Structures are given as C-alpha cells and as structure tokens.
Amino acid sequence: MGILEVKDVNKRFGGLQALGDVNLSVAENTVHAIIGPNGAGKSTLLNCLVGKLIPDTGSVMFAGQSVLGRKPYEINQMGISRVFQTPEIFGDLSVLENMMIPVLAKRDGAFKLRAIENVQDEGELLAEAEQMLDEVKMLDKRHMHAASMSRGDKRRLEMAMCLIQRPKLLLLDEPTAGMARADTNNTIALLKEIKEKRDITMCIIEHDMHVVFSLADRITVLAQGTPLVEDTPERIKGHPKVKEAYLGEAA
Amino acid sequence: MLGIKGKDLSVFLLVAMLALLAPFLLNPFPVDSAMAQFNAGYPDLMQRFVIFGIFAIGFNILFGLTGYLSFGHAAFLGVGSYAAIWMMKLVSLNIIPGIIMAIIFAALFSVVVGYISLRRSGIYFSILTLAFAQMSYALAYSVLTPITGGETGLQIKPGDDPLLSNLAEGEIGRANLFGLEMGDSAILRAGGWEFTMNVGYYVCALVMLVAFYLAIRIFRSPFGMMLRAVKSNQQRMNYTGLNSRPYTLAAFVISGMYAGLAGGLMVAMDTQVGPERMFWTASGEVVLMTILGGAGTLIGPVLGAGFIKYMENIVSKINSTVLHEWFAFLPDGMEDFLVTIFYPFVGKGWHLTLGLMFMAVVIFLPGGLVEGGQRIASIFRRGKKSGAGDESAKQETPAE
C-alpha cells in the first residue's frame, strides 16, 4: 500500500477524456515521476490530487484517507504540499514574511484572529523560518521583496515554504520549467538533498528528462490520459512503447 | 511604548500631536485678515476631519491590506448613525451607549453583507457591496420610513424623553458625555487670533487616536500579515492550509465597525441623520480618501480624509467676489480674465480641483500623498548627504 493511491480515476472536460482509468500507487519516501507528452493529462491528474478538480469517478486516497470533496487548504493540512509550474509566492511580502505565513498556518490552523499580537514578538517562529531559509541558502535575502527575485530564487523560496510545513507528500509541477541550466542543476541538487535528509515522498511532473532520470525512483508514463507503463528509470529508458509515445517524439 | 515601536510609534505620536493641536494648527490666520477664510479650525469642520479619518482608517484595513475594494461602506456608516440616534432618542443622551450600539449594528450588518459579497472578488465584489449600499439607501428613503424617518431623517425633537436622562418638560435634549455637552467650547483669544477648543472635537480626536492605535496593531499582527497575503496570492494561501474566506470576512467586519463608529460619532456631534449619508457618493468618497492619502499605509487615509474635507469646506467657499478681491490690484481687464480662469476651479467647482488633484496623484504618485512625502524626504536627505561630503554618500547608498 502506497502513501498515495489513485484508483480508476476518470475526468472528462466536455468531449475530451482528460483522464481515463488512471491507477497510480506512490510508495512512501520515494520520488515518483510522472512524464508524458503535452496534453497527456499530467496537470489534470495533479489537480485531482490537491482538490482543485474533482474526478468524475474513482478514488484518491492519501495516507488511508480520501481527499475527494475536501478543499485545497484541508488537503494541505492532511500533509500534501504543492510547488507550482510558475512559482506561487507572496510577491508583495518580504522573503522572511513569506516563510512566516506557513509557520503561522502550522501553529494556528486555517484561521485564527490574532489581531493584537505583534509578528516581531513571535521569536520562536521567526527563528524557525530563518533556519529554513538558511537551509536553502537564502538567509541573506530575507528582507528582500519576494517579487523582485530571480525565478530560481522564487522557486527555492516556494520549496522552502512547502518544506517548512513538513509535508508527507510534496507535489512538484515542472519545478525546472523555464529555468536556465545552472538553475536547473541547483534545483536538482536541492531536491536530492531534500530526498536524502527528510522522510518525504515526492511526486514530480517534469518534461526535462535530465531532471527525471537524476531524481526518480519510479516513473509513470502517461499518454492520452492513461498510464502507459510504470517502471524504474533504467527500464523506462529502453522501453519501446515509451520511445514511441514520448521519447521518440522528441527525437 | 504601548506595544508599538520605531517608525510606527513616531507616526502615532505625530498623529496625536496633530490631533491635539488641531485648533491652533488649522487657524493660522488672524480672524480679521483676508486669509481668514482658509482657517479650518472651527469645531464642525475639525470634527469632520477626525470622523472621516476614522472612516478611512477602517476602510484601509479592508482595502489597503486585502485589496478588496468595497463600494458600499457608507451603508455601515448610515446603519451606525441610525442606531446611535435611536439610542439617544430612547435610552440616553450620553453618547457612549449610542456609539456602542452604532458599532454593534454596523458589525451585524457587515457580517451579512460581507458573507454574501465575499463569495466573489474583484469588480464583482465591488458591485455587490455597491448594490447592498444602494439598497439600504433606497429602503431608508422609502419603506423603512417608520425607522429611518425617510426623506426628512431623524433628529432629536422636543418631546423625546430618553429613559436615563432627566429632561425638564419641553426641553430639547443635547448630546453629552457624562454631563459634558458636545457643543461646549472654550475660545482662546490671542492678538488677532482666535482658537476654539471644542469638547466634541476632543472627544472625536481621542476616539480617533484609539482607532488609529488599534489599526497600527492590526497592521503589525499575524492577522494583518495574513490579510496582506490575501492581497498578494490567494492561491498560495489555500495551498498553505489557510482558509482565506474568514480572514477577508474578519477584515470586512472590522472595517464595517470602524464605519459604524464614525457614524455614531457623527450623530454624537450633530444629532441628526438622513438617508443621503448612505448614498453611493459617500461610499466613493472614502475610496478617494484612502487612495489619495495612500492605500495600505498607516497615515495615508487620515491625510486623505483631511485633504478632501478641507477642499470640500474651504475651497468651496471661495466665490467670484472673493476672487475679484484677490485680483483687485491688477488692471480691470486682467482681473476679469484671471477671475474667469480661476472661477471654474473654486466655489461650486471645487470638485474639478479635487478631480484634477486626484488624477495627478494617481498618475504621478501611485502611493498617494504618503509617497509624495517620502519622495520629498528622500530629496531632502540626498541634499544633506551631498552637503556632508561624497564619502558618506557612497557609504549610505548600498543600504538603500
């Protein structure tokens, strides 16, 4: 039994079958990559996991509980964090404030009216946020306006915001999309470090095969809304069906 | 001090100084001088400065922090006013119960309006709030006449005998604070100058300082940070385990309570209410005040409120006779020419001046008057630096 179990999920948009009978099992503390050509349904699948979309049929179980019918913030509280294709951060806030939001959310839950206390008096939480920033090597940027940073830094910040929540499952939607080679390599290094240091399961959607093959323990290939094959990276590389549907297309 | 420090404390002390010294600061010209009409230090106007200041401070908690632009906040002001006047008519002429009721009723009403309107964001939210406010205005004007007095509104009349106030037969009640009447003033004369220290004004000013202090605390609190997060990225908020709806609703209700407080104070200072207080132009005015002063800043809304009320009351009083007096020293043709040019901008045309100022601020100073102040301050600082020598200038630049 994996930490994430997707069973017979179907999703239709009008006449388009976006997902057809998707079955997926992600084992705990592994990195599971989902690859596939454009329009294969990768993002739709991800959106079904976090409550943004509700599948027409099928079930999505996380750590033994169904996520269907729950709001994104409730699913996050169950232990699923998400990194978006374009970094979603609080652009108007400083880097440290960006880190304080998840820290406060972890302590206070979905809503708490703390209108008279001062954020500056939250010494413990501030220290926790700074320590996390130090871990992703962004401590020197803590007073920067988040929107003014480079894309690579925004990505690191977003990951730090997810990690400080100590999620059981981290979903990454093309974490290196639109990045320069150097930034991509930094991100791979960061993800490897996370994988080694923490008890965390990662589910990653990625186009860049370099990223996928350097990180993934298992790979699922999705084509036209249906899983084509699921296997280890070594076997996927030589799989004829995959070559035909995806890698062949690129070549 | 008081749990606020640094810049916030200086801003608070500055506002406190301005509020307490307003009767002097706003009356810089001797009574008999030609400039006396620019004096704004009379009780009625000073009260309006601070009351609208409270209104704008509250509005800024919603608009400045969360970015939700309510176009119906005058409804809460009106509801507060009606609640306060009924308290005064029926229960007590002391202003405290009236003001408390005003806040409570505005809060209840804003919970209802907020709960429904906050299901949408952006322009749809604005339109929903506008619809609610216009509905309230129309109802107060017509079918709710038994409660609101309709077109004529409500005022304290002879024959109103509040339960807790001992009025003589036929005496018209006057608003008071434990016996201190709001209309009482002490007039200080010094040379040609005259300064009016009004009880009502100082009551309003103290309430405003408390409201301002609370707003500072909210701005610096975890709650305030969450509200800024709402404005910045609701998607990320939802994926961080936070429910943004109750945060926006809380901000909406708090700003509704500020509006109710302002409405209650208006009644306490001038014991009458009419439905026009809820008209959409009144809702628009507080938006202008906040943007003109600087949305999302602490002192901006107070400045904006003062600025607009000053224009409304002072610039509108300049008529063609006054203009002719000003330019009397010029040859006749010249005088008439200048009067013709200036006339559309003053008197009844004060809206034109305000509109142009507003456009100029929005285009050149998107951060409002506060940004203007900051720019001037930075020019001043730069000037001082270059005077002190190039070396220090070089050292300080990276810090900025």
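**Ground rules.** The model is predicted, so I took local features only at pLDDT of at least 70 and side-chain atom pairs only at pLDDT 80 or more, while totals for chains, interfaces and linings use all residues. Residues are numbered from 1 along each chain as its sequence is written, chains are lettered from A and ligands numbered from 1 in the order in which they are written, and side-chain values use heavy atoms, with hydrogens and water left out.

**Entry 1: the A/B interface.** I looked up the contact (heavy atoms within 4.5 Å). Chain B puts in 28 residues and chain A 38 residues. The buried area is about 3000 Å², with 62% from carbon and sulfur atoms. Buried area here is the accessible area (1.4 Å probe) that two parts lose on being put together, summed over both. B:M225, B:R236 and B:Y239 supply 26% of what chain B buries against chain A, more than any other three residues.

**Entry 2: polar links across it.** I found 21 residue pairs in polar contact between the chains, both residues at pLDDT 80 or more. A polar contact is a pair of N or O atoms within 3.5 Å; within protein, one must be able to donate a hydrogen and the other to accept it, and residues adjacent in sequence count only if both atoms are side-chain atoms. In chain B, the elements giving two or more residues to this side are α7 (199-220), α8 (222-232), α9 (234-238) and α10 (244-269). Helices are DSSP runs (H or I, at least four residues), numbered from the N terminus. α8(B) gives the most, with eight residues.

**Entry 3: salt bridges.** My rule was a side-chain nitrogen of Lys or Arg within 4 Å of a carboxyl oxygen of Asp or Glu. Two cross the interface of chain B and chain A. B:R228 pairs with A:E97, closest N and O atoms 2.6 Å apart. Within chain A, A:E158 bridges to A:R155, with closest N and O atoms also 2.6 Å apart. Both lie in helix α5 (residues 151-163) of chain A, three residues apart, about one turn of the helix.

**Entry 4: B:L249.** This residue lies in helix α10 of chain B. Leaving aside neighbours within four places in sequence, I list its contacts as B:V111, B:G114, B:Y115 and B:L118. The C-alpha atoms of B:L249 and B:R119 are separated by 10.0 Å, though the two are 130 residues apart along the chain.
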